[in-house]
Structures are given as structure tokens and as C-alpha cells.
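This report describes selected local features of one protein model. The sequence and the structure are shown first, and the description follows.

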Amino acid sequence: MSTAHSSSLYSRSLHFLSNLDRIGMTMLRIGAIVVLGWIGVLKVAPYECRGIVPFMANSPFFRWMLSDPANYAANKMPEGAVDPAKEAWHVANGTYPAAYFVGITIVLIAVLLAAHWFSPTVGAVGGVLLFGMSLVTLSFLITTPEVWVPDLGDQHHGFPYLAVPGRLVIKDAIMLGASIVLASESAKKALAKMEARRAA
């Protein structure tokens, strides 16, 4: 393959990739909507409600929503487990209403992001709220002990060794960046509409 041909192929590849931004933006928005909607709706499932208690109980943003956050560790339940005594604690703790609130908030953000195609201003609000939600979620890396591998004998524990909850939380760093991109896209579209109305 000649150098000129290689250069031409390289250039065509770059041009092709550079024209994928619109498709990528649409996929990013749809992906965020699906992920948020799915996760938010799952907050009606008892196992999901109980699963977020460690995050809420240790967070200054959510701790106030629970009646007995100090005793959450003794009442953790594995996904799919049945334990009437611990279930009673979760009911008394207010676990379910708190989780429903979180779920409704997440679904609302998904709806606002989807509104971009009808009202970009509303879509921009959704992007800003997603940014705030992502920051709060990432704060769990500081407030929640369960995000780090516990010291059970292995030398690999604590920071920077992420446990399963930590690996779930750190992914919101991607959502943080996505929120800025989505908010910016909606804001640009809203401004374009405003300028078009002024010119009319």
C-alpha cells in the first residue's frame, strides 16, 4: 500500500468518524434516558430499595430521610433474600418511601432529558439536574464504607480497591461528563430557536 493511499484512507476514516457526532449525541441521550428510566423504575422493587440503604444511611444528602440509619449494617439483606425481621426494620426505617423518592427523581430526570426533542429548554434543565445527581452519586465514594474492599485479611483493601458498590458508583464519572454535553446541546438548540423567532 502506497503512502499516498494510506494517507487517503486515514483521511477518509477521520472524515467518517467526524461525521458521527450527531448519531453519537442521539445515542448518548437515548442511552442516558434508558439507563435512568430503568434504574428509577426498579426503585419500586423491594430488593433495590434495600440495596441503596448503605448509600443513603451514610450520606448527608439522604441520611435524614431514614428513621434509623445507624443500624443499617445489621439489617442489610442480600438480593433475593427473605428475612421477616430485617424486612420489618426496613419498613420502620422508612426505606421504601425514601427509595421511591429517589426513583421518582431519577425517572423525572429521564423524562426531562427526553423532552429535549420537544422543548430543548426543558432538556437543558434535565442535563443540569443529571449533573447534580451524578455529583451526589460520586460523593458516595467519600461517604459510603461499602464502596471499598473491606479488610478481611487480603492485603488489597481500602482505597483504591473498589468493591462492587464502588464500581457501580465510579461509572457516574461518565454520566457527569454526559450531563454537561447533553445540557449544552439542549441549550444550543434553545438558543437557535430563540434567534430564529427574533429573526422572523
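L135 belongs to helix α7, where helices are DSSP runs of H or I with at least four residues, numbered from the N terminus.

The model is predicted, so that local features need pLDDT of at least 70 and side-chain atom pairs count only at pLDDT 80 or more, while totals for chains, interfaces and linings use all residues. Residues are numbered from 1 along each chain as its sequence is written, and side-chain values use heavy atoms, with hydrogens and water left out.

**Helix α5**

Helix α5 spans residues 84–93, and W89, H90 and N93 are buried in it. These residues cover an arc of only 100° around the axis, which puts them on the same side of α5; the arc is that of the directions from the helix axis to the C-beta atoms. On the face turned away from this buried side, α5 carries the exposed residues P84, V91 and A92. The buried residues pack against α3 (46–51), α4 (53–58) and α6 (95–114).

At the start of α5, the backbone nitrogen of A85 has a side-chain oxygen of D83 within 3.2 Å. Just after the helix, G94 adopts a positive phi of about 80°.

Within α5, H90 has a relative accessibility of 1% and counts as buried. A polar atom of the H90 side chain lies 2.9 Å from the backbone oxygen of N75. Not counting residues up to four places away in sequence, H90 touches R50, V53, N75, M77, T95 and Y96, contact being heavy atoms within 4.5 Å.

G103 is placed in helix α6 and is buried, at 3% relative accessible area. Apart from neighbours within four places in sequence, G103 is in contact with G40 and K43. The table gives two C-alpha separations.

| Pair | Separation along the chain | C-alpha distance |
|---|---|---|
| G103 and K43 | 60 residues | 5.1 Å |
| L135 and M175 | 40 residues | 9.4 Å |

**The largest pocket**

The largest pocket holds about 1,500 Å³ of space. On a 1 Å grid over the protein atoms alone, a pocket is an open set of points where a 1.4 Å probe fits, with protein on both sides within 12 Å along at least five of seven lines, and lining residues have an atom within 4 Å of a point. Of the 45 residues that line the largest pocket, I39, K43, E48, I52 and F55 are the closest to its centre. Two or more lining residues come from each of α2 (21–42), α3, α4, α6, α7 (120–138), α9 (164–170) and α10 (172–199). Helix α2 gives the most, with seven residues.

By residue class, the lining comprises 32 nonpolar, five polar and eight charged residues. Ala, Val, Leu, Ile, Met, Phe, Trp, Tyr, Cys and Pro count as nonpolar, Asp, Glu, Lys and Arg as charged, and the others, Gly among them, as polar.

**A cis peptide bond**

The peptide bond from F159 to P160 is cis, with omega near 5°. P160 lies in the loop between α8 (140–143) and α9.

Technical notes: Buried means under 20% relative accessible area, exposed over 50%, partly exposed in between (1.4 Å probe, protein chains only). A polar contact is a pair of N or O atoms within 3.5 Å; within protein, one must be able to donate a hydrogen and the other to accept it, and residues adjacent in sequence count only if both atoms are side-chain atoms. Grid points are joined across faces, edges and corners, and a volume is the space filled by probe spheres set on the points.
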